[in-house]
Amino acid sequence: MRRKVLRRLAFGFVATLVTTLVLAGPAWSQTGSSSGSGESGSSTGSSSGSGMIPFPSATGIGALTAAATQIGKPYEWGAMGPHSWDCSALVQWAFRQVGVILPRTTWEQAKVGLPVTYGGLAPGDVVILNGDGSHVGIYAGMGQILDAHDWGVPVGLHPLREFDIFAIRRF
């Protein structure tokens, strides 16, 4: 089962990367264009949506890969690993593996990193979910998040469409 999920993650990443390269190619050929963000290191583009399509961050992809090693482990409210996880602890741990220190709770995680619009969502982005920001996962591409979902549901991929998005953050 773990191989199947890892293959899906790899396929999703490759498909996202190829799509990004194909769609963003014309934007790279325009000289003198600007993303409109004014910040170095930000690839989210302008607020008008006219900027380049963002690339996934290497940090986010690394954290997604780390989180994927925990697939199949059980959910437990308040658990901080390594044998079981709650959602925010899994995200915190995964990003710690790539050198990013995140706060412990979903609400605190929603306030750090760079904000990302839904249109700029890329694999590796942290997605804070539910109308009250009470759940979090890492976007895995292809409409899926990797998360510690709920009692009786092991760490794994779940459709993003099943949730309301509270915030999206990139590291």
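Strand 3 is mostly covered, since 7 of its 7 residues are buried, where buried means under 20% relative accessible area, exposed over 50% and partly exposed in between, with a 1.4 Å probe and protein chains only. Strands (E, at least two residues) and helices (H or I, at least four) are DSSP runs, numbered from the N terminus. The model is predicted, so that local features need pLDDT of at least 70 and side-chain atom pairs count only at pLDDT 80 or more, while totals for chains, interfaces and linings use all residues. Residues are numbered from 1 along each chain as its sequence is written, and side-chain values use heavy atoms, with hydrogens and water left out.

| Pair | Sense | Bridges | Reference |
|---|---|---|---|
| Strand 2 and strand 3 | antiparallel | 4 bridges | |
| Strand 3 and strand 4 (residues 144-147) | antiparallel | 3 bridges | |

Strand 2 and strand 3 form a hairpin with 5 residues between them, and N130 in the turn has a positive phi of about 75 degrees; V127 has G137 of strand 3 as its bridge partner. In the hairpin of strand 3 and strand 4, 2 residues lie between the strands, and M142 in the turn has a positive phi of about 55 degrees, while I138 is bridged to L146 in strand 4.

The largest nonpolar core has 28 residues, and F95 and L146 have the most contacts inside it; such a core is a set of buried Ala, Val, Leu, Ile, Met, Phe, Trp, Tyr and Cys residues joined through side-chain atoms within 4.5 Å. Helix 3 gives the largest share of this core, 7 residues.

How values were computed. Pairing = 2+ DSSP bridges.
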